[in-house]
Amino acid sequence: MAAITTAPGYHEEVDPNASYLENKKGLLSWLFTLDHKRIGVMYLLSVIIAFTLGGLFALLMRAELLTRGRTLMDADTYNKMFSLHGVIMVFLFLIPAIPASLGNILLPIQLGAKDVAFPRLNLLSYYIYVFGACFGIYSMIHGGVDTGWTFYTPYSTSDPAHGGVGSSSAVIPMTLAVLVLGFSSVLTGVNFIATIHKMRAPGLSWRRLSLFAWSLYATAIIQILATPVLAITFLLLTLERFLGIGIFDPRLGGDPVLYQHFFWFYSHPAVYIMIVPGMGIVSDLIATFSRREPFGYMAIAMSSIALALLGFLVWGHHLFVAGMSEYATMVFSALTFLVAIPSGVKVFNWIATLYKGSISLQSPMLWALSFIFLFTIGGLTGLFLGMLAVDVHLHDTYFVVAHFHYVMVGGTVMGFFGGLHYWWPKFTGRLYDEKWAVAGWFFVFVGFNVTFLVQFLLGSRGMPRRYYDYLPQYESLHQISTVGSWILGLGFLILAAMFVRSLFSGKPAPRNPWGSAAYEWLTPSPPPTFNFAKDPVFERGPYDYQVATDEELYDGFDDPLFPEKGVAEGEARA
Amino acid sequence: MMQPQASSWQLPPAMADTAAPMDGAFHFIFWFSVVFAVLVIAVTLLFIQKYRRQKSDQRSGKAEKGAPTPSRNKLEILWTVVPTLFIIVLFHVGFSAYIHNVTAAEGATEIRVFAKKWSWEFEYGGGARSPDLHLEVNKPYKLILSSEDVIHSFFIPEFRVKRDAVPGQYSFVAFTPTAVGEAHVFCAEYCGTNHSAMLAKVFVEEPAKHEEFLASFGRKPKLCGTPPVECTEEKWGESLFTEKACFTCHGTGGDGKLGGSPSPGPKLAGIFGHDQPLQDGSTVHVDENYVRESILKPNAKIVAGYANVQMPPFAGSFTDDQLEAVIAYIKSLK
Ligand code: HEC
Ligand SMILES: [Cu+2]
Ligand SMILES: [Cu+2]
């Protein structure tokens with residue numbers, strides 16, 4: 001399979017040996033770039049801004065809950081805080097975070113391709129994302145929404161200005177923002193599927209595809225199949241609000257529970273859009289930092305696909321107390337449990353990979369191991385919620401909040417940061433200070449658990465979610481949780497400082513700082529515009545540690561754990 | 001008689017027959033998860049400890065690699081099949097407890113529950129509605145839920161019951177209280193500004209006490225207010241104003257303030273006998289009839305500047321006596 005040349009006019013005036021950061025300079029060369037790495041970096045910057053904003057809202061919320069009654073803000077402000085926290089984290093961070101940023105940067109390199117299949121579409125999808133974000137900001141300035149990220153009807157559709165009983169009119173720009181963001185997500189998905197099918201370098205069979213690439217493939221399937229349902233739902237919502245067509249609002253003859261079916265038909269699969277790429281990263285990290293081919297490679301790859309497909313069949317578990325027939329609840333409960341099987345398969349195979357590996361606990365690996373621990377807890381508490389009788393008690397309490405934070409933060413965010421640490425030297429060409437990285441990880445890990453472990457208890461003791469105020473018996477647990485959020489915040493602050501410092505004064509990264517056999521480490525850091533100086537032909541798989549030569553694993557090796565020694569040794573070797 | 005008891009440190013005291021099945025299922029999955037999580041974490045830590053890379057190898061320039069990865073299909077099948085068996089058990093435990101809890105007992109006493117922003121009302125038959133849920137211990141109940149505006153959710157942690165109250169639909173919860181004591185009804189589905197204040201008290205009472213409640217319910221009590229004083233018409237109005245959660249929108253004593261900021265609804269103190277500007281530009285003279293209409297059909301005349309907040313209609317929430325009392329109270333506010 002010959003490498004396909006990308007869009008016409010794209011290949012001219014590119015020096016095949018200069019790094020993608022050096023080929024062409026200036027702001028415009030970034031804004032109009034077709035290079036997947038540059039687009040990925042712009043995405044990365046954007047999702048990190050979104051993450052920071054969403055995180056600030058979370059800190060404010062937790063601060064408000066420090067004491068009973070009013071602590072910082074009134075109830076309406078608090079309600080907007082948690083809604084914006086949810087909307088921003090889900091739609092501007094979690095969904096695009098891994099595929100559009102790290103996926104964009106890494107996927108073509110891992111395939112030995114020059115770029116994604118449709119570079120222009122890639123840039124378009126970025127600008128659609130920005131455009132969607134602008135809608136969101138517009139809505140925030142015009143009062144913001146207080147509906148939660150779920151926009152349940154009739155609260156979200158009946159405008160009080162027209163005799164309705166619900167929320168302010170800023171809801172519409174916000175749902176439109178989400179609708180627009182959906183297009184960006186679909187385009188990325190289409191692009192990745194085409195890229196994986198068509199752009200693999202010679203020698204790169206499906207069985208040699210990296211597990212990260214497999215996970216992006218599974219994610220892309222969900223993005224393409226699920227997102228249109230959300231778009232249709234929000235269009236119906238808008239029609240109802242503007243034209244008074246009764247779809248969801250019972251006053252107009254609609255059915256509010258229908259909205260919940262539509263919404264979760266997208267939003268449950270969306271959970272897999274968020275978590276599956278994180279699982280892909282973890283699979284790659286465990287292989288690299290155990291220097292061992294993943295145990296059950298095919299099982300891990302196929303479990304991603306299984307999750308993608310099963311994810312479409314379980315949306316009803318969000319509606320167990322909303323008014324479904326007993327028969328439907330039974331079916332959805334049973335199907336929900338099925339999701340546990342591929343998730344379990346992944347965890348077991350990761351652990352089996354560690355067995356007889358050569359394990360190094362460098363910072364990316366710490367994030368990967370945290371992923372395994374936290375995701376296990378997130379998954380098991382999901383079983384609580386799948387059990388019908390138990391869900392009745394726990395639904396819409398802090399238990400659910402804790403559960404999905406263990407999955408979304410313990411899973412996706414851990415995966416994202418693991419990947420960021422792992423590939424940072426590759427795409428910035430800089431090393432970072434390992435000691436600060438470990439310190440940051442430590443505070444995040446501890447802070448996260450302090451914040452959310454107690455929320456399981458809050459929930460099982462009956463504390464409902466989305467509450468501005470609470471009864472006295474919940475106060476001490478809320479306080480522990482708030483203190484945890486500060487530790488968590490401190491951890492992220494350390495990481496931010498550490499990465500910024502690396503950009504300005506980090507040591508130049510060698511080609512393969514971790515001694516990994518994966519393909520992206522065969523090319524210089526940062527890679528040239530077309531990823532490899534000459535079109536690669538792959539003779540071994542990305543996890544073939546038995547075949548990879550010492551030279552491939554060690555070229556320019558500089559152990560970030562022991563920088564001084566590493567450099568000295570490197571010099572000695574040279 | 002059984003007193004409410006904390007069955008575990010994780011769950012609130014169990015006060016109804018619906019608690020035991022859920023608690024059984026909860027503890028089952030809890031211990032299952034603990035064992036599983038401890039195993040996963042322990043094995044991971046063990047492997048990390050045992051197969052930790054020798055730091056020195058990186059300086060020797062020789063790659064220390066993991067062992068070749070064998071293909072073990074039997075193992076893959078094992079850890080697919082065993083969890084499948086587990087989840088069949090989990091599903092069964094959760095489902096049978098659920099079916100037990102959604103089935104109402106024969107001859108259960110029916111109570112109508114009205115949810116609206118941001119209060120609960122309970123009707124025991126006879127028209128009057130109470131802001132508290134009074135139940136007799138060991139008597140089966142069936143609650144019929146409905147909502148007058150957005151979706152709310154009826155949740156009593158001590159009973160382990162939860163059900164959404166959806167506008168335009170009826171839904172049900174059934175249970176038999178088994179222990180005398182107090183609990184709370186929470187609203188578990190987000191419903192706007194005062195979602196977290198949408199609470200009601202639950203009183204599970206001995207039969208004699210419950211009889212007493214039903215007999216006096218809807219009539220002017222002897223004592224009212226906190227601390228209780230002799231109940232005049234206005235005093236009764238004042239306690240109804242609190243009971244019906246009017247203060248959540250109009251401020252305590254109708255002073256138009258809530259936690260330092262203006263309340264969602266207009267100030268009521270001092271409006272009686274004055275002219276009130278309306279949204280449509282006209283004005284209205286505030287007298288008994290207007291106040292009555294404002295409470296029963298608030299949308300008939302909207303106060304200027306309040307088009308964006310909805311006061312829920314209270315038609316049906318008050319007996320005539322109660323309404324008189326509330327009007328007398330508003331009249332008395334200066
Ligand atoms: C959800 C918030 C809310 C609740 C609860 C509420 N109100 Fe109101 N109320 C309003 C709003 C908003 C207005 C002004 C708009 C209108 O006239 O409909 C209003 C108007 C009124 C008026 C007319 C005031 C005027 O200045 O003309 C009266 C009287 C009144 N309410 C009494 C009550 C009583 C009594 C209760 C409790 C039984 C109550 N309200 C509960 C929001 C509320
Ligand atoms: Cu779900
Ligand atoms: Cu409510």
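What share of the contacts in chain A with a separation of 6 or more is accounted for by residues 24 or more positions apart?

Modeller: This is a predicted model, and the figures below should be read accordingly. In chain A, 84% of the contacts with a separation of 6 or more are between residues 24 or more positions apart. The secondary structure of chain A comprises 17 helices and zero strands. With a radius of gyration of 24 Å, close to the 25 Å that the globule rule gives for 574 residues, chain A is therefore as compact as a globular protein of that length. Its C-alpha trace spans about 75 × 50 × 45 Å along the principal axes. Of the 574 residues in chain A, 64% are buried.

For context, chain B may be set beside this. Chain B is divided into domain 1 (1-41 + 75-217) and domain 2 (223-332). The centres of these two domains of chain B, taken over C-alpha atoms, are separated by 33 Å. Where the domains of chain B touch, 14 residues of domain 1 are in contact with eight residues of domain 2. The domain 1 side of this contact in chain B consists of four nonpolar, four polar and six charged residues.

Chain B also contains an open sheet of five strands, in the order E3-E2-E1-E5-E8, with mixed pairing. Strand E3 (129-130) and strand E8 (171-175) of chain B are the edge strands, each pairing on one side only. Strand E5 (residues 141-147) of chain B runs antiparallel to E8(B) and is joined to it by five bridges. Within this pairing, Ile144(B) has Phe172(B) in E8(B) as its bridge partner.

Technical notes. Residues are numbered from 1 along each chain as its sequence is written. Chains are lettered from A and ligands numbered from 1 in the order in which they are written. This is a predicted model: local features need pLDDT of at least 70, side-chain atom pairs count only at pLDDT 80 or more; totals for chains, interfaces and linings use all residues. Helices (H or I, at least four residues) and strands (E, at least two) are DSSP runs, numbered from the N terminus. The radius of gyration is taken over C-alpha atoms; the globule rule is 2.2 Å times the number of residues to the power 0.38. A residue is buried if 20 or more other C-beta atoms lie within 10 Å of its own, exposed if 12 or fewer, and partly exposed in between; C-beta atoms are placed from the backbone. Two residues are in contact if their C-beta atoms, placed from the backbone, lie within 7 Å. Domain bounds come from an automatic or database domain assignment. Ala, Val, Leu, Ile, Met, Phe, Trp, Tyr, Cys and Pro count as nonpolar, Asp, Glu, Lys and Arg as charged, and the others, Gly among them, as polar. Two strands pair if DSSP finds at least two bridges between them.
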